[in-house]
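I am opening a notebook on a structure that is new to me. The entries below follow the order in which I looked things up.

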Amino acid sequence: MQYISQIAFVLVLILAGYFLSKRIRQIRKNILMGRPINRSDKSPERWKAMLLIAFGQRKMFKNVIPALLHLLIYVGFLIINLEVLEFILDGLFGTHRLFAPFLGDFYTVCINFFEFLAVGVLFSCVVFLIRRNILNVNRFSGLEMTSWPKLDANLILIIEIVLMLAILTMNATDQILQARGHMHYTATGSFFFSSILIPLFEGLSDQGLIMTERFAWWFHITGIFAFAIYVTYSKHLHIFLAFPNTWYGNLEAPGKIENMPVVTNEVKTMLGMPAEDGHATPANPDEIGRFGAKDVNDLNWVNLMNAYACTECGRCTSNCPASMTGKKLSPRKIMMDTRDRLEEVGQSLSKGGKGLEDGKSLLGDYISKEEINACTSCNACVEACPVNIDPLSIILQLRRYVAMEESGSPASWNAMFSNIETSFSPWKFAPTDRFNWSEELKQNPKSE
Amino acid sequence: MSESSYQIPTMADMLARGEVPEILFWVGCAGSYDDRYKSVTKAFIKILKKTGTSFAVLGPEETCTGDPARRAGNEFLFQMQAMANIRVLNGYEIKKIVTACPHCFNTLKNEYPELGGNYEVIHHSTFLQQLIHEGKVTLKGGGSFKGKKITYHDSCYLGRANNIYEAPRQVLQALDAELVEMKRCRTKGLCCGAGGAQMFKDAENGKKEINIERTEEALATGADIIAAACPFCMTMMSDGVKNKEKEDKVKVLDLAELIAKSEGL
């Protein structure tokens with residue numbers, strides 16, 4: 001009997017590991033569909049950004065109440081998972097609370113602390129469910145918040161609640177079995193929070209208690225494995241990707257737009273200047289590829305990682321001036337669309353399908369021109385994101401495609417372009433009038 | 001003041017005389033052509049003259065930095081403009097540029113270096129703050145702004161784009177006026193609606209114009225003056241105030257205009 005459960009556990013572990021690693025490889029492959037961008041410079045600054053923003057949750061604290069609730073879940077996640085190590089070892093060796101005899105009283109302190117965190121997680125998840133479903137906090141709604149994103153968010157919260165209840169149930173029944181002097185259940189001292197649940201189970205026979213305790217144990221550990229796999233298909237992936245996302249984030253002034261060296265070389269050739277840095281000089285103009293981005297593979301890999309790191313919290317959209325005045329643009333939708341299109345292409349390729357050549361594209365089938373044209377490039381979305389996602393970078397690359405490959409910019413922008421070309425100003429004024437203000441000032445210095 | 005003091009030196013004049021100015025004042029297209037923003041240019045020139053700053057402008061040789069073209073996606077046009085400007089700037093061996101336009105500022109400072117244009121670029125809000133700090137501009141307390149309420153509208157291209165939040169506020173504090181903040185200010189400041197080349201086209205369909213949303217917020221502070229530091233913000237906020245029929249009571253003024261007025265220039 002003992003061995004059966006050990007064998008079952010090993011099988012579950014292998015299966016979970018298999019599915020998880022397969023999915024991680026798929027996501028990695030999808031992200032690397034993006035074009036290269038160097039984000040490995042200034043590593044001390046990058047570590048600092050990751051420690052402050054991802055690990056230290058600094059940007060979350062712009063809004064204190066959700067930040068504190070989120071912190072409870074985050075700390076709970078980080079620390080309660082230490083206990084998973086014991087779960088796995090117990091599962092493999094057929095032991096029960098392997099660490100208890102070694103740690104003695106400290107074990108009791110640890111489990112009590114974990115229980116405190118579990119209750120904290122439970123509390124936060126309940127409040128978050130209320131905020132989403134009863135208080136209807138504005139940023140959780142919007143065009144892109146269709147049935148799946150809403151269900152995904154609720155499922156995550158519910159799974160976390162159920163997992164925490166399993167821990168507490170397990171500890172409660174364990175304590176009763178200890179009190180009854182059951183051999184297998186090592187004495188651990190009492191656990192404050194789960195002991196509150198003891199009256200619920202006291203009526204059970206020894207057999208019933210063991211069944212409940214074992215069920216809760218298995219439920220918790222297989223639940224964690226299943227959740228880990230689920231997370232990789234869900235918006236919840238931010239729990240891992242927040243870290244690389246902040247490490248590889250943009251360290252330059254947010255106002256600076258990424259340069260296009262390919263264009264620099266073309267412009268230099270046109271102006272008869274030597275193209276100094278030969279790194280982007282293609283021998284054959286056909287190798288230049290597209291200007292700007294039409295589909296996910298035209299974006300850089302950090303843009304694509306951003307898409308997987310997005311947890312759809314909506315801080316970007318609720319701070320976007322275009323969104324708040326009723327325009328179609330929503331930075332969150334830009335990120336979700338990028339992820340969904342990337343998933344679609346990746347899934348198709350892994351099945352030997354057409355991938356990028358399926359007749360669809362990010363621009364057009366997912367994101368419309370009306371959306372990207374509404375952006376004021378104000379950086380409010382970038383500033384608002386707690387994990388440094390940059391929707392603006394994607395919007396600007398899509399605009400480049402529209403302007404340079406399709407000549408499909410709004411008519412007034414095309415007029416502005418030709419003003420700059422012919423009059424060297426975005427407005428249609430004669431270049432010879434540019435310095436007229438100096439005459440006005442000379443003739444009438446006191447006027448305004 | 002004598003008429004001759006309003007000769008605006010150009011780089012070409014300076015070069016002909018064998019002189020090298022300390023700073024180049026980059027006027028920008030709005031500062032050169034827009035009737036409203038020309039008065040900001042003039043106010044800033046008066047301050048430069050008053051403080052005896054050694055400066056010059058490019059005059060007819062200045063052209064658009066390319067900011068709106070780049071933000072609207074036309075990278076070719078942007079780089080053509082940038083290369084042409086860099087050629088002129090490098091030709092004059094320019095070291096330090098001051099501009100009253102946050103969009104020109106951002107482009108010159110952050111986007112020109114990669115294309116071969118390396119200069120120390122300062123926005124006029126920082127420059128004015130330095131003049132005050134150095135005592136070159138001493139604003140007399142109890143001046144024309146005493147007791148007036150001023151609210152400062154953050155320009156996105158100064159604030160979030162370049163992390164300049166305090167310099168413009170320090171300039172306003174020197175006026176001895178009461179500085180009141182809007183609810184959305186500094187990192188949370190709401191855009192006027194004109195950035196990202198929106199200045200050059202109509203807004204997409206929606207339920208409200210962004211500048212109206214922002215103007216309502218500014219008016220709600222009860223301020224007599226909305227201070228701006230950007231030509232696009234200036235246009236958008238002025239239009240917003242007009243739309244709300246408050247132009248008699250509430251003025252939209254640039255930092256340089258406020259200083260010049262307070263100095264009686």
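I began with B:Glu181, which is partly exposed at a relative accessible area of 29%. I use buried for under 20% relative accessible area, exposed for over 50% and partly exposed for in between (1.4 Å probe, protein chains only). B:Glu181 meets B:Arg186 in a salt bridge, 3.8 Å from N to O. B:Arg186 is partly exposed too, at 30%.

I noted the ground rules: this is a predicted model, in which local features need pLDDT of at least 70 and side-chain atom pairs count only at pLDDT 80 or more, while totals for chains, interfaces and linings use all residues. Residues are numbered from 1 along each chain as its sequence is written, chains are lettered from A and ligands numbered from 1 in the order in which they are written, and side-chain values use heavy atoms, with hydrogens and water left out.

**Salt bridges**

I counted as a salt bridge a side-chain nitrogen of Lys or Arg within 4 Å of a carboxyl oxygen of Asp or Glu. Over all chains the count is 47.

I looked up A:Lys360 and found its salt bridge with A:Glu344, with the closest N and O atoms 2.6 Å apart. A:Lys360 lies in the loop between helix H15 (331-350) and helix H16 (362-366) of chain A, and A:Glu344 in helix H15, so the pair ties together parts 16 residues apart in sequence. I took helices as DSSP runs (H or I, at least four residues), numbered from the N terminus.

B:Glu217 is buried at 11%, and B:Arg214 is buried at 0%. Both belong to a network of salt bridges that also includes B:Arg184, B:Lys208 and B:Lys244.

**Cysteines**

How many disulfides are there over all chains? I found zero, taking a disulfide as a pair of cysteine sulfur atoms within 2.5 Å. The sulfur of B:Cys233 has its closest cysteine sulfur in B:Cys230, 3.8 Å away, which is too far for a bond. B:Cys233 is buried, at 4% relative accessibility.

**Nonpolar core**

I defined a nonpolar core as buried Ala, Val, Leu, Ile, Met, Phe, Trp, Tyr and Cys residues joined through side-chain atoms within 4.5 Å. The largest has 83 residues, of which B:Leu89, B:Ile97 and B:Leu128 touch the most other members. Helix H3 (residues 35-50) of chain B gives the largest share, seven residues.

Technical notes. Helix = DSSP H or I, 4+ residues; strand = E, 2+ residues; numbered from the N terminus.
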